Amino acid sequence: MKPVTAMASAIFTVTGALLCAVSLQALAAEPGLGQREFNTRCAMCHGTSARGDGWMAENLIRRPPSLRHLKKNNGGVFPREQLARTIDGRISIKAHGPSEMPAWGTIYKSAIATAAGGPRGVREEDEINISYRIQALIEYLATQQD
Ligand code: HEC
């Protein structure tokens, strides 16, 4: 690689990283993102105030639990890490049988892939976007503990 090309590619890499950091900050600064995520993706089952009384709750075999006791049930520490893994589907929350609780990481990803209209796959920035939305959602839930 010629020095000039190497330098150009280094500049592109740095610019890419900066752009990423900027958009992450923009997301972090966006107020209400976590609440919006919750209202559109969780509230139908868990209820708008996270008490397990969403409009879909009646029709499920297992009632969605209240999400207001997560901190209390975890010895007073809000379980951020575990929650992230539950939401993106890495932890199966029910020991037996299929979970009625959707794995949101997968749903976010397929939504992105469909929107892209083809087999472009999920790019790194999509992954970052997804985990950021999940993170915002978790921070919102942290404010909803009894
Ligand atoms: C289709 C209904 C439905 C939706 C939508 C849904 N959940 Fe659930 N959720 C459930 C059910 C039902 C359970 C109980 C476990 C089971 O049956 O799999 C549960 C369990 C949970 C648990 C475990 C609670 C505990 O006490 O251990 C967490 C955390 C959770 N959901 C968070 C969320 C979040 C955050 C969202 C939105 C991203 C969401 N859920 C969307 C139905 C849903």
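Predicted model: local features only at pLDDT ≥ 70, side-chain atom pairs only at ≥ 80, totals over all residues.
**Overall picture and confidence**

- Of the 146 residues in the protein, 15% are buried.
- When contacts between residues at least 6 apart in sequence are considered, 46% of them join residues at least 24 apart.
- The protein has a mean pLDDT of 76, and 60% of its residues reach 70 or more.
- Confidence is lowest in helix α1 (residues 3–29), where the mean is 51.
- Confidence is highest in helix α4 (residues 70–73), where the mean is 96.

**Helix α2 and its buried side**

- Helix α2 spans residues 33–41, and its buried residues are Gly34, Glu37 and Phe38.
- These residues cover an arc of only 95° around the axis, which puts them on the same side of α2.
- An α-helix has 3.6 residues a turn, so residues three or four places apart point the same way.
- The cover over the buried residues of α2 includes α3 (43–46) and α7 (124–142).

**The packing of α2 and α7**

- The axes of α2 and α7 are 7 Å apart, and the two helices pack at an angle of about 90°.
- That angle makes α2 roughly perpendicular to α7, because angles of 65 to 115 degrees are placed in that class.
- On the α2 side, the residues that meet α7 are Leu33, Gly34, Gln35, Glu37 and Phe38.
- On the α7 side, the residues that meet α2 are Arg133, Ala136, Leu137, Glu139, Tyr140 and Leu141.
- Leaving aside its neighbours within four places in sequence, Leu137 is in contact with Gly34, Glu37 and Phe38, which are the buried residues of α2.

**The largest nonpolar core**

- The largest nonpolar core has 14 residues.
- The residues with the most contacts inside this core are Leu83, Ile134, Leu137, Ile138 and Leu141.
- Helices α5 (80–87) and α7 each supply at least two residues of the core.
- Helix α7 gives the most to this core, with 6 residues.
- In soluble globular proteins, nonpolar side chains tend to be buried together.

**Ser131 in helix α7**

- Ser131 is found in helix α7.
- Ser131 is partly exposed, with 16 other C-beta atoms within 10 Å; this class lies between the cut-offs of 12 or fewer for exposed and 20 or more for buried.
- Ser131 and Asp88 are 43 residues apart in sequence, while their C-alpha atoms are 8.6 Å apart in space.

**The loop between α3 and α4**

- Pro64 lies in the loop between α3 and α4.
- Leaving aside its neighbours within four places in sequence, Pro64 is in contact with Cys45, His46, Gly52, Gly54 and Ala57.
- Pro64 and Glu100 are 36 residues apart along the chain, and a distance of 8.8 Å separates their C-alpha atoms.
- Ala50 also has its place in the loop between α3 and α4.
- Ala50 is buried, with 23 other C-beta atoms within 10 Å.
- Although Ala50 is not a glycine, it has a positive phi of about 65°.

How values were computed
Residues numbered from 1 in each chain as written. Helix = DSSP H or I, 4+ residues; strand = E, 2+ residues; numbered from the N terminus. Arc of directions from axis to C-beta. Contact = placed C-beta atoms within 7 Å. Core = buried A, V, L, I, M, F, W, Y, C linked by C-beta atoms within 7 Å. pLDDT = per-residue confidence, 0-100. Axes fitted to C-alpha atoms, helices over the stretch in contact; angles between N-to-C directions. Parallel < 35°, antiparallel > 145°, perpendicular 65-115°, else oblique.
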